Amino acid sequence: MDNPFRIEVYDKTRTLRGIVGAPKFATATLRFMATGLFQFALPSDHHLISRLLEPGARVAVRMIDTDDFVISGWVTGYRGEGPETAAAFIFDVIDDFAILRDVLGWVVPTAAITAQGTAGTNWTATGPAETVLKSAFVANAVNRLGLSHYSVPASAGRGATVKARLRFQSLYDRLILVEDGAGIINSGIGVRFRQDGTTIVMDVWTPTTHPRPLTEESGIVREWSFAHDQPTVSRVVVGGQGEGQLRLFRERVDTAVETSTGRKAEVFRDGRDSNDPNVLYERADETLAEGAAKSGLSITLAETANFAYGKMFKIGDVVTIDVGGVQLTERLEEVVLSWTEGQGLEARPRIGEKDGSTDAHLARVISRIARAIRNRNTET
């Protein structure tokens, strides 16, 4: 079966150096609001291997039939496999989305590093998610770091209102992900980066919501799994500076956990590096978060004539699925597009992959599924 991917090879200046004709295999892992990956293999005598081995080599991938963009990014690693008579090079490409992890948000992006400590506490911005992200990216990546080859279209004001604070954290950690759930990942927009000629464009879009439920009977819901671990901590005592009777102690209690589980579990945390009560409470909150209930949910979907990637749905879309008799509305977090000569092109959409998450919504979803299965088994 013919290779569906147009694999373009560029040097570090984003100058096209050639197009791969027929790889041995190719796999694209596309992730919503996260860094995707592309992996492909070439025979050891392929004429573009020398280009791909150069530091800073880049790859951009499109679908041959539709010219739809798939992924672009840097070659981050390679390895060889033998025997010599059938030797191959395998290349790993990291998504351009990784730029959001590579760039820090300075307090004052226009000032020197020596002026940051006295310029203020944080860089702050409040507004539509698209506007805030683009403002932070232009200030820190395009202007401060001089990455003028990134193209950032004017904001259309999409996404919910977010409040951003930056103080030398990565743009991803403090804008996209944000622990309290107020990040851009939950604002109703999607963001990706794509190479277009010698330019890398920031794309923002609004994912589609598909109301029609997907079921096991339709052949779309292929398999699912979930896991849930109860909290291991409900009370934290933190010891600050000082010795003996002079030592400062503070306690934080999660009464909601103790009420729901009927269990009281204490732990001690050493905080000798600070004597600020607010800092000690922050350390206690961190320890409670580490010991909170953890959940995991993974749902693998299959393509059908009525559910095909790129035609009926795309990464980031919201779908309703039936799992264990419970209807859930979740986002397509990941799609794996894989091609081999023998198997052809396969698309495997996934929901979840949230192993060890402390997200309360996810915990409630899993509780509903488990309860539905238990009740159904009790009835039979």
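How many helices and strands are there in the chain? The chain holds eight helices and 22 strands. The model described here is a predicted one. Of the 380 residues of the chain, 44% count as buried. The accessible surface of the chain amounts to about 19500 Å², and 48% of this area belongs to carbon and sulfur atoms. Among contacts in the chain with a separation of 6 or more, residues 24 or more positions apart account for 66%.

Strand β3 covers residues 25-31 and strand β4 covers residues 37-43; the two pair in the antiparallel sense over five bridges. Within this pairing, F25 stands opposite A41 in β4. The hairpin of β3 and β4 has five residues between the strands, and in this hairpin M33 takes a positive phi near 55°. Strand β4 also pairs with strand β7 (residues 88-95), again in the antiparallel sense, over seven bridges. In the pairing of β4 with β7, P43 stands opposite A88.

Strand β3 is also the place of R31, a residue that links distant parts of the chain through its pairing with E334. The two residues form a salt bridge, with the closest N and O atoms 3.0 Å apart. Here E334 lies in strand β21 (residues 334-340), and 303 residues separate the partners. Are the two partners buried or exposed? E334 counts as buried because its relative accessible area is 8%, under the cut-off of 20%. R31, at 31% relative accessibility, is partly exposed.

By the rule applied, their count comes to 21. The side chains of D11 and R17 meet in one of them, at 2.9 Å from N to O. D11 is buried, with a relative accessible area of 9%, whereas R17 is partly exposed at 37%. A further salt bridge joins E346 and R348, whose closest N and O atoms are 3.8 Å apart. E346 counts as partly exposed at 35% relative accessibility, and R348 counts as partly exposed at 22%. Salt bridges with shared partners also join R192, R194, D196 and D203 into one network.

Attention now turns to a sheet and the helix that accompanies it. Which strands form the open sheet, and in what order do they stand? Three strands form this sheet in the order β16-β15-β17, and their pairing is mixed. Strands β16 (249-253) and β17 (266-270) are the edge strands, each pairing on one side only. On average, and with direction ignored, neighbouring strands of the sheet are turned by 20° against each other. Strand β15 comprises residues 235-239 and pairs with β17 in the parallel sense over five bridges. V236 stands opposite V267 in β17.

Helix α7, formed by residues 277-290, lies across β15, β16 and β17 and runs at about 40° to β16. The loop between β17 and α7 contains S274. Why does S274 count as buried? Its relative accessibility is 9%, and the cut-off for a buried residue is under 20%. Leaving aside residues up to four places away in sequence, S274 touches G240, Q241, V279 and L280. Of these, V279 and L280 fall within the residue range of helix α7.

The remaining features concern exposed residues. L104, I113 and F168 form a nonpolar patch on the surface, and together they have about 250 Å² of accessible area. I113 is placed in the loop between α2 (99-102) and α3 (116-119). I113 counts as exposed because its relative accessible area is 52%, and the term applies to values over 50%. T209, in strand β13 (residues 209-214), is likewise exposed, with a relative accessible area of 54%. T209 and G316 are 107 residues apart in sequence, and their C-alpha atoms are 9.2 Å apart in space.

Notes: Residues numbered from 1 in each chain as written. Predicted model: local features only at pLDDT ≥ 70, side-chain atom pairs only at ≥ 80, totals over all residues. Heavy atoms only, no water. Pairing = 2+ DSSP bridges. Helix = DSSP H or I, 4+ residues; strand = E, 2+ residues; numbered from the N terminus. Axes fitted to C-alpha atoms, helices over the stretch in contact; angles between N-to-C directions. Contact = heavy atoms within 4.5 Å. Patch = residues over 30% accessible without salt bridge, like charges linked within 9 Å, V, L, I, M, F, W, Y side chains within 5 Å. Areas by Shrake-Rupley, 256 points an atom, 1.4 Å probe, with all protein chains shown as cover. Salt bridge = Lys/Arg side-chain N within 4 Å of Asp/Glu carboxyl O. Buried < 20%, exposed > 50% of the residue type's maximum accessible area, 1.4 Å probe, protein only.
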